Amino acid sequence: MSVSAPEFRAARCVRFRYRYSECARCLDACPHQAIALSDTGASIDANLCRNCALCVSACRTGAFAADGFKPIDMLRQAIKTERFSIACAPSGHAADAVVPCLGALDASLLAYLEKRRLPTTLLGASLCADCAHGAKGAAQLAANLEAVAELRAAAAPDEWLPIDVVEDAPALAAEKPRFASARRHLFRRLFGRGVDEVAAAVEQRPAAQPAPDKAIRAGAYALTEQRELLQIVAGRKEGEPFRVAIHEALPALDITISPGCTVCEACFRVCPTGAISITENPGDWALLFQRDRCVGCAACLEICQPRVLDAAAAFDLSPDQPPRTLISLAKQRCDRCDRFFVSPRPEKTCRVCSDDQDAFTAIYGG
């Protein structure tokens with residue numbers, strides 16, 4: 001297994017797309033203080049990195065990739081067997097697949113194995129107390145297993161085969177972590193910043209001010225393997241709904257919008273997957289949301305200055321749903337330049353002409 005540091009793909013990073021983003025999933029997941037964040041993304045100190053791959057699975061947009069950890073290749077191996085075992089490398093267990101840390105096994109991958117009813121065992125989870133990846137790996141595994149349990153419940157009455165997390169012998173696991181009693185605390189410690197501090201940071205910004213153009217960087221759309229697996233997992237017979245509650249370990253959200261949109265289009269420009277799009281015709285403009293493409297990065301929620309975007313507490317995760325219109329407005333024609341424009345309220349002039357008039361007045365007086 002390679003011990004090289006994971007590759008960081010800046011164009012996929014939320015912090016690269018949105019300069020002022022407070023996303024810190026990779027930093028919070030890293031047990032070795034090997035990740036540093038900036039307004040251009042993240043950097044990895046190869047001297048500190050232990051290649052646990054927790055950043056790979058924690059990142060919602062697929063900004064990290066590790067040579068020694070290929071989840072899809074592991075699934076291709078698994079589906080060819082009658083039983084499958086996965087062990088973490090630090091445990092020393094022999095298994096069909098050895099991964100850097102069990103916490104790197106994301107919820108989509110684990111749920112896929114359960115849905116296929118492939119007997120799967122995880123080895124080494126009870127040795128986290130003595131592992132260099134420690135509580136961070138245990139917390140991420142607990143969060144992912146919790147998310148899988150929610151997906152399994154949502155799939156009922158379809159029967160999945162739960163993954164067996166094997167306990168080591170008492171002599172090997174004298175100080176094993178107590179997942180059942182501590183997982184809520186560990187989950188909060190690992191992901192609390194992404195929920196509470198980001199919300200607080202957004203709340204402190206001035207309302208209804210458009211994000212500066214320089215704050216958003218363009219990048220190609222990319223859909224992650226985690227999200228594509230989740231599409232398969234959420235498929236039901238005869239198109240039945242697959243309702244789940246929002247969960248930090250699931251790469252999915254359902255976006256809602258309240259009155260007050262300023263039509264700045266920042267959410268569309270910052271979305272890394274194309275889940276938010278704009279459609280236009282000669283008379284109308286509409287902002288659309290395609291749930292199948294959303295990976296739950298929440299960049300759109302961060303950048304929305306009037307704070308009219310929100311995430312639904314529960315939603316239908318069923319695949320192949322058509323895009324939903326968040327807001328639709330009729331186009332208006334500018335009295336000065338005769339161009340069409342969109343505004344949340346009736347206006348006589350477009351924003352360009354209004355800005356020109358404001359600049360003229362500031363220079364020469366009204």
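1. A disulfide is counted here when two cysteine sulfur atoms are within 2.5 Å. The sulfur of Cys353 has its closest cysteine sulfur in Cys350, at 3.7 Å, and this too is too far for a bond. A search of the whole structure finds 0 disulfides. Cys55 is buried, with a relative accessible area of 8%, and Cys353 is buried as well, at 10%. Buried means under 20% relative accessible area, exposed means over 50%, and partly exposed lies in between (1.4 Å probe, protein chains only).

2. On the basis of these values: this is a predicted model, in which local features need pLDDT of at least 70 and side-chain atom pairs count only at pLDDT 80 or more, while totals for chains, interfaces and linings use all residues. Residues are numbered from 1 along each chain as its sequence is written, and side-chain values use heavy atoms, with hydrogens and water left out.

3. Which residues have the most contacts inside the largest nonpolar core? They are Phe64, Ile86, Leu102, Leu105, Leu151, Phe242 and Leu317, in a core of 60 residues. A nonpolar core is a set of buried Ala, Val, Leu, Ile, Met, Phe, Trp, Tyr and Cys residues joined through side-chain atoms within 4.5 Å. At least two residues of this core come from each of several elements, including helix H4 (71-78), strand E5 (84-88), helix H5 (107-115) and helix H6 (134-155). Helix H6 gives the most, with 7 residues. Helices (H or I, at least four residues) and strands (E, at least two) are DSSP runs, numbered from the N terminus. A second, separate core of 20 residues includes Ala275, Ile276, Cys300 and Leu309. In soluble globular proteins, nonpolar side chains tend to be buried together.

4. Leaving out residues up to four places away in sequence, Leu102 touches Ile86, Ala87, Cys88, Leu122, Leu123, Gly124, Ala125 and Leu141. Contact means heavy atoms within 4.5 Å.

5. Strands E11, E12 and E15 form an open sheet in that order, with antiparallel pairing. Strand E11 (276-280) and strand E15 (324-330) stand at the edges, each with a single partner strand, so one side of each has no neighbour in the sheet. From one strand to the next the twist averages 20°; axes are lines fitted to C-alpha atoms, for helices over the stretch in contact, and angles run from 0 to 180 degrees between N-to-C directions. Strand E12 (residues 284-289) pairs with E15 over 6 bridges, and Leu288 stands opposite Thr325 in E15. Two strands pair if DSSP finds at least two bridges between them.

6. Strand E2 (residues 35-38) and strand E3 (residues 41-44) are also antiparallel, with 4 bridges. A hairpin of 2 residues joins E2 to E3. Ala36 has Ser43 in E3 as its bridge partner.

7. Arg50 sits in the loop between E3 and H3. Its C-alpha is 8.9 Å from that of Pro100, although the two residues are 50 apart in sequence. Not counting residues up to four places away in sequence, Arg50 touches His32, Ala132 and His133.

8. Ser343 is in the loop between strand E17 (340-341) and helix H11 (351-364). Is Ser343 buried or exposed? Ser343 is buried, with a relative accessible area of 12%. Its side chain reaches the backbone oxygen of Arg345 at 3.0 Å. Leaving aside neighbours within four places in sequence, Ser343 is in contact with Val263, Leu329 and Gln332.

9. Ala156 and Pro157 are joined by a cis peptide bond, with omega about 10°; Pro157 is in the loop between H6 and strand E8 (164-166). Arg117, not a glycine, has a positive phi of about 60°. Arg117 lies in the loop between H5 and strand E7 (120-123) and is partly exposed, with a relative accessible area of 41%. Arg307 likewise has a positive phi, near 55°. Arg307 is in the loop between helix H10 (299-303) and strand E13 (309-311) and counts as partly exposed at 29% relative accessibility. Most residues other than glycine have a negative phi, and most peptide bonds are trans.

Technical notes:
Polar contact = N/O pair within 3.5 Å; in protein donor to acceptor, adjacent residues only side chain to side chain.
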